[in-house]
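Here is a set of exercises to work through with the model open beside you. Try each task yourself before you read the solution.

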Amino acid sequence: MKKSFKKSIAVLLAVLMVVCAFPLTAFAAEKPNVNLQFGVLSVSKTDKRTYSTNRGASNNASTISGLMSAKLDYNKSAGTITDTADSYTYAVGDYFTATVLLENVSQLAATQVAINYSSNIIPAGICNGDRNLYGAGDETGTVSTTYTAGEPILAQSGDAIHNTNSTVEEFSYIDMDTNTIYASFAAQDGSDYVSTASTSFGANTFSNTAVIATFAFKITAEGPISFSLANTTDVDDAYYLGTIENGGNVSEYITYAPTENAGSTGLNFMGGNEYVATTKYTVTFKNAEGSVISSAEYDEGAAVTVPELPATTKDDTNHYTYSWDVEPSLTAVANATYQVVKTGAAHTWDAGVVTKEPTATVEGEKTYTCTFDGCGATKTEAIPATGETHTHRYTWVYNGDAVYNTKTDYTDGTITGTCECGDTKTETVDGTALLRCNSYSLILDNSLTINFKITKANVANFSNLVVKADTQFDAQKVYNAPVKEDSTTYQYPVGMPPQYVKDDINVVVYSAIEKDGQTVEVWGPTYTRSVLLYATTILNNAAYASDSATEKNKAFRTMLVDILNYGSAAQVKANYCVDELANAGLTETQKSWASADIQTWNTVKNYHAVVIENPTARFNAGGLKLDDAVVPRMTFSLKDGQADINDIVMEVKVGSDTFSYNIADNPDNFVYISTGTTSTYGKENKYYFYFTNILANQMYDTIEFTIKKNGVAISDTATYSVESFVQQAYSLGSTAQVDKDLYMAMMKYGKAAVTYGRL
């Protein structure tokens, strides 16, 4: 026997109904009683299908001792099963037996008793008279090869004690699906019944007691262990225990009646707790009008399903709440009827909210809400029209609806005013359809530039103009004033990197008007143009495209084709929209107008073209920046402590023009690089200088750079040119072809600009 997990497990014995009725001879003072006697199951074999059992002696190594004098003691008041030999209380994993005894009977023909067992034990088998335990299986799933649950044990324990023959086909069995053991008995010795007045078995003598069957159990989980007589509704067969002829079948007798019926014999279980049929009660719920919401029959003590009360309801004058006339019992204790009580109360209104403002001619509306929680009722009252005393105060917003199609087909935009009373009106803003750029031209300086123009006469109604240009290559560019103007136009140049010559530039002109003391922003229609559009328009114009065109116009068309080729080369270099190149739309004839490739390059690079004594500044290198413009870049150094960047002027000469730059007025033209020391020049501060005023037709011109302080040169004069950079790049074997293609296209454009400028 195991001695571990010594946690007490109570045996709770709930009384249901007996599935047993019988003709018997009973003592007048005592009712027949179904009793359980608990015994020790000693397990010493690993094969749990063939335990050797001994119902009356103790000399077997594996013993079922349910009927021995040293049986387990069941303390009914304490609710425990204990081994009387060593006071060991049974725990999880232990085995025990339960023998079913029918007491207070002296003669018995046939009987079957059905007993339910709790889920924390599992049957290990049924004992028969040959001292074998036939297994029903435990948690390992092991079952006897000669017995499975629900099959008969013909030589069952009750038969073995009281009979020697097995002719009636009566049996005991286990139904593991319903947690039920069936202890069965029938007379089999040739008579109609057996005497149970005195029976000796092993160390025990039983008086007026029938030993029906012995079952073995294993404890599989902690918690109370319980046994109870099965309800007849849970049992398939209930036997009437009458006299039967020898060899008859007990299953022929299925006329059992519950004990409360007349003529039935009452029965105790475990010495008390006489069966009492379950009391049932009808509980009904009705609504306020008296119709039934629900009605159901419940076992005594069962939980009652209480319907939900209606939510708060309302009508125009009242709200209504609902309750039960009597608080329902949550368990069935008696027949009961509960009815909903509907209680009404007048609405209580809040101060109200204006949901529609009145106007001079139209009534307003005020909405009131009931303050009772859950009601939600509302009512409205009219607010009288204000009459003519109301003065509209409009907030004005421009609708952005100006349209321009042609010089004679356009529509001015409108503004809409909204009063706080809800009234609105819309007015036209004169001149907004003409508030736009209306012409443009191409400027050929160091970048490709479109010069957008506004005719002054068209915008005479507006005192302030703001121009915003949206491009693919830059965030919105804003002009708060024109860059330049003449007698008839305001002008706004927008330069671009060459790879964007095919892309649209969208220009919108904004202004502001005063209306009822408010400043209202207005704007005109969008004006969209591109270098590609400009070039395409000119190239398709007969004045430029025909063979009879003037030399100047022919030169101009060559320059435009070179510009589109230059833009396409820049697209390839930048890997930008290479499937939509700027020159893709050129015809074969137009392609033939391009400048021929340049075969040789010249250089004028000389950092000491004019030499002075004791210079404190010097030029180190020349280069070129190609992004939004063609910009020569010179690297120069200033002797530390002798020349300061804030004191110098960079003087630049190209053609007949001279330009002067200082860092205060031209901070973007100077960039600090580093400070270093050499053995030749000592400590120097190094800078970049960007010359941004070169024109397209000056790419071949010599540019002179001199650093001055107080009007006196402090550096040698350096000479450089855009062509010098290209010559240097072409002479380097490392220059990629894509770069060479870009330089060639750029210089061909510059050459065309020179030719055009001379005509």
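**Exercise 1. A pair of strands and their sheet**

Task: Find the bridge partner of Trp324 in E24, then place its strand in a sheet.

Solution: 
- Step 1. Trp324 has Val340 as its bridge partner in E24. Strands, like helices, are DSSP runs numbered from the N terminus; a strand (E) has at least two residues and a helix (H or I) at least four.
- Step 2. Strand E23 covers residues 318-324 and strand E24 residues 336-346; they run antiparallel and are joined by seven bridges. Two strands count as paired if DSSP finds at least two bridges between them.
- Step 3. The open sheet has five strands in the order E21-E20-E24-E23-E22, and its pairing is mixed.
- Step 4. At the edges are strand E21 (292-299) and strand E22 (313-314), each pairing on one side only.
- Background: strands of a sheet pair through backbone hydrogen bonds, either parallel or antiparallel.

A note on the model: it is predicted, with local features needing pLDDT of at least 70 and side-chain atom pairs counting only at pLDDT 80 or more, while totals for chains, interfaces and linings use all residues. Residues are numbered from 1 along each chain as its sequence is written, and side-chain values use heavy atoms, leaving out hydrogens and water.

**Exercise 2. A covered strand**

Task: How many residues of strand E38 are buried, and which strands pair with E38?

Solution: 
- Step 1. E38 (residues 489-496) is mostly covered, with six of its eight residues buried. Buried means under 20% relative accessible area, exposed over 50%, and partly exposed in between, for a 1.4 Å probe and protein chains only.
- Step 2. Strand E34 (residues 448-455) runs antiparallel to E38, and eight bridges join them.
- Step 3. Three residues lie between E37 and E38, which form a hairpin.

**Exercise 3. Another hairpin**

Task: How many residues join E47 to E48 in their hairpin?

Solution: 
- Step 1. The hairpin from E47 to E48 passes through three residues.
- Step 2. Strand E47 spans residues 670-678 and strand E48 residues 682-690; their antiparallel pairing has eight bridges.
- Step 3. Within this pair, the partner of Val671 is Tyr688 in E48.

**Exercise 4. A helix and its cover**

Task: Which residues of helix H6 are buried, and what covers them?

Solution: 
- Step 1. In H6 (residues 722-731), the buried residues include Val722, Glu723, Ser724, Phe725, Val726 and Ala729.
- Step 2. Their cover includes strand E43 (617-626), strand E44 (630-639), strand E51 (717-720) and H7.

**Exercise 5. The whole protein**

Task: Describe the protein by its elements, burial and nonpolar cores.

Solution: 
- Step 1. The protein has seven helices and 51 strands.
- Step 2. Of its 759 residues, 45% are buried.
- Step 3. Among contacts with a separation of 6 or more, 64% are between residues 24 or more positions apart.
- Step 4. The largest nonpolar core has 94 residues, and Phe636, Met650, Phe705 and Met746 have the most contacts inside it. A second, separate core of 28 residues includes Leu36, Ala98, Ala183 and Ile212. Such a core is a set of buried Ala, Val, Leu, Ile, Met, Phe, Trp, Tyr and Cys residues joined through side-chain atoms within 4.5 Å.

Methods. Contact = heavy atoms within 4.5 Å.
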